[in-house]
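Me: I would like to learn how to read helix packing and salt bridges in a model. Please take me through it step by step.

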Amino acid sequence: MKRLNRKSRMTSRSKDSISDAVSYSIRLLSIRGRSEKELKERLTKKGFNQGTMEKAIDVLRGYGYINDRRLAEHLISYAFTDRKLGRRGTTSFLHKRGIPVEIITESGIESLDERPGAEELVRKRAPRISELPEDKKRRRLYGMLSRRGYSSETISYVLKKVL
């Protein structure tokens, strides 16, 4: 008798099973934190119908496995400290991860000080482009910080302070 692997068992069962949707979601959540929107997209892609998906999400929410506010706090910390993104970059990152707009606005991103991260990036990058003319070096650093979502006020402040 041939044994079915996990993927085969999943495809052989009905896509109406709430327990299959919950176990698939838990497997996804064990890899990394996901927003409710991300889980819905993955369940839809896997072929679960709308009703099953909503019931599975309710079960996971009831156990506390899905919490977009808690995920947003974690992602903001990760974006600011590890990825060195500015406020605009962090907001964009949260949007891409499926965090609702109201949670993003209530999270307090606007009150965070983005200058230390920008200074660290400039201090790290400036020695690598030290041979360039001053105006070209400023343009490159300005572009780097702008692409990471820093405001023009922060960029101007940091470039005056560091260069």
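Me: How is the packing of two helices described, and what are the values for α3 and α4?

Reply: Two packed helices are described by the angle between their axes and the distance between the axes. Here helix α3 (residues 36–46) and helix α4 (residues 50–63) pack at about 140°, and their axes are 11 Å apart. Axes are lines fitted to C-alpha atoms, for helices over the stretch in contact, with angles from 0 to 180 degrees between N-to-C directions. Helices are DSSP runs (H or I, at least four residues), numbered from the N terminus.

This is a predicted model, in which local features need pLDDT of at least 70 and side-chain atom pairs count only at pLDDT 80 or more, while totals for chains, interfaces and linings use all residues. Residues are numbered from 1 along each chain as its sequence is written, and side-chain values use heavy atoms, with hydrogens and water left out.

Me: Which word describes how α3 and α4 lie to each other?

Reply: Angles under 35 degrees count as roughly parallel, over 145 as roughly antiparallel, 65 to 115 as roughly perpendicular and the rest as oblique. α3 and α4 are therefore oblique.

Me: Which residues of α3 and α4 meet?

Reply: Contact means heavy atoms within 4.5 Å. From α3 come E36, L39, K40, L43 and T44, and from α4 come M53, E54, I57, L60 and R61. The residues of this contact are five nonpolar, one polar and four charged. Nonpolar covers Ala, Val, Leu, Ile, Met, Phe, Trp, Tyr, Cys and Pro; charged covers Asp, Glu, Lys and Arg; the others, Gly among them, are polar.

Me: How many salt bridges does the structure hold?

Reply: A salt bridge is a side-chain nitrogen of Lys or Arg within 4 Å of a carboxyl oxygen of Asp or Glu. The structure holds 12. One of them pairs R61 with E36, with the closest N and O atoms 2.9 Å apart. R61 lies in α4 and E36 in α3, so the pair ties together parts 25 residues apart in sequence.

Me: Where do R69 and E106 lie?

Reply: The side chains of R69 and E106 form a salt bridge, 2.8 Å from N to O. R69 lies in helix α5 (residues 68–82) and E106 in helix α7 (residues 101–106), so the pair ties together parts 37 residues apart in sequence. R69 is partly exposed at 42%, and E106 is exposed at 52%.

Key:
Buried means under 20% relative accessible area, exposed over 50%, partly exposed in between (1.4 Å probe, protein chains only).
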